[in-house]
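Here is a short briefing to read with the sequence and the model side by side. The points are grouped by topic, and the cut-off behind each term is given where the term comes up.

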Amino acid sequence: MSPDNPSTVAARALPDSPCSEHLDLRTTGLHRPHGGGRGRAFWLVAFAFTVILLGTTVPAPLYVIYQAKWGFSAGVLTLIFAIYSAGVLTALLLFGRLSDEIGRTRVLLAALALAVASTLVFVFASGVAMLFIARLFSGFAAGMTQGTATAALVELEPSHNLRRAALTGSAVTSGAVGLGPLLAGLLAEYAGWKTHLVFVVYLGLLVLATAAVLLVPETVEPRQRPTLRVQRLAVPVEIRAQFISPALAMFAAFAVIGLFVSLVPSFLGRELHEHNHAAAGIVVFTLFACATAAQLVLHRLMSRRAMTIGIGWLLVGLVLLLLGLSQKELSVFVVATIFCGIGIGLVIMGALAMVNRIAPPDHRGETLSSLFVAAYVGLSIPAIGVGIASERAGFFRSTLVCAIGVAALLVVAAVRLISGGAGGTPEPSAS
């Protein structure tokens, strides 16, 4: 039997209730390393996963410095951000099965090499074109890592505990991307060498992550001839009606993420006259920290309930965000960040669990890939629209239109969830 797609294995790490916590790897075509080193390997992969994703958001609070230095517009800024999403999507679709064929550790090492290349481009960047190149490499690295590292965590979890592997992967995904802006903001504000020092520090972390991966035993038997092909995107006919709600909710949640990561740092300086780079990093960190905390504290919620509650928090957060923007009040803006972060965490957790539950096992990989495509389109398109429109209509009006559109999608998803439009198969109880 050939190994599963990483997305399929990762999906099994997202049980919908506490009842399904263990995985028998004999049914997956994978092999688990023996001995007491499994626990160490599990945390080494978690560390490498954290380092790679941390680097994807390091530039967030630095864009305002690049803007002042090279004079590009908010529209160009959102395109720089969007090229990252394009890199992630390309890697997910083109290299989604690669770690099944050549092994998890080899793909992680390739992703680390791309992260090093991206970081070096940032260090020696002399213009906007180099920012595009650096972000594209960063997107490739993240896309190659996401499914591969999540699958490796499932396979290396020493006690076969899926819930622990799932929570670790979820916490890394949400938490690491929050640490990048925090680190960059603090170093840029208080340590000097504003657009260089953080990348030099990050290169050191990448060296440590590479050493960590080299110590991890392989869990997949490599094949002689890997095949490179675009992964098919499809949602089985029998679950399409149920798939709509999580897809809409993921699109909306990632749209909010895109606004915060790509535009908020420059907004803080331009509209709120807050020029402290650490403050911009702390705001983005707060968003992801709240998402991570919500997932860790409320991980036993059923998927439908998690999504419904998360949508409620996001809707309130959007209202507060608009209020903070209109009044140019930083304290309201921070409260909006907290509400949006909690909502994002619950929506992502619930959407992944729901799709994992409803997808037929032999179509789970492509169904999850379709969900992630919806997410990353949401991450880039609304942010691009706001960035370009803000040059003519102003940041508040552009954000208002975007927020209304995102809220409409969330309301549709919530109505379908409450009315049973996302159902079909009964949800397992938490008992």
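Leu 92 is found in helix α4, which spans residues 74–94; helices here are DSSP runs of H or I with at least four residues, numbered from the N terminus. This is a predicted model, in which local features need pLDDT of at least 70 and side-chain atom pairs count only at pLDDT 80 or more, while totals for chains, interfaces and linings use all residues. Residues are numbered from 1 along each chain as its sequence is written, and side-chain values use heavy atoms, with hydrogens and water left out.

**Leu 92**
- Leu 92 counts as buried because its relative accessibility is 18%, where buried means under 20% relative accessible area, exposed over 50% and partly exposed in between, with a 1.4 Å probe and protein chains only.
- Although Leu 92 and Val 230 are 138 residues apart in sequence, their C-alpha atoms are 8.8 Å apart in space.

**Helices α6 and α7**
- Helix α6 (residues 104–123) packs against helix α7 (residues 128–156) at an angle of about 155°, with the axes 8 Å apart; the axes are lines fitted to C-alpha atoms over the stretch in contact, and angles run from 0 to 180 degrees between N-to-C directions.
- That angle makes α6 roughly antiparallel to α7, since angles over 145 degrees count as roughly antiparallel, under 35 as roughly parallel, 65 to 115 as roughly perpendicular and the rest as oblique.
- The residues of the contact of α6 with α7 divide into 20 nonpolar, four polar and three charged, with Ala, Val, Leu, Ile, Met, Phe, Trp, Tyr, Cys and Pro counted as nonpolar, Asp, Glu, Lys and Arg as charged, and the others, Gly among them, as polar.

**Aromatic pairs**
- The count comes to six aromatic pairs, a pair being rings of Phe, Tyr and Trp (its six-membered ring) with centres within 6.5 Å, stacked if the planes are under 30 degrees apart, edge-to-face if over 60 and tilted for the rest.
- Tyr 66 and Trp 70 form a stacked pair, at 5.2 Å centre to centre and 15° between the planes, and both lie in helix α3 (residues 63–70), four residues apart, about one turn of the helix.
- Tyr 66 is buried, with a relative accessible area of 1%, whereas Trp 70 counts as partly exposed at 23%.

**Glu 155**
- Glu 155 lies in helix α7 and counts as buried, at 0% relative accessibility.
- The side chain of Glu 155 makes polar contacts with the side chains of Arg 104 (2.6 Å) and Thr 219 (2.3 Å); a polar contact is a pair of N or O atoms within 3.5 Å, where within protein one must be able to donate a hydrogen and the other to accept it, and residues adjacent in sequence count only if both atoms are side-chain atoms.

Methods: Helices (H or I, at least four residues) and strands (E, at least two) are DSSP runs, numbered from the N terminus.
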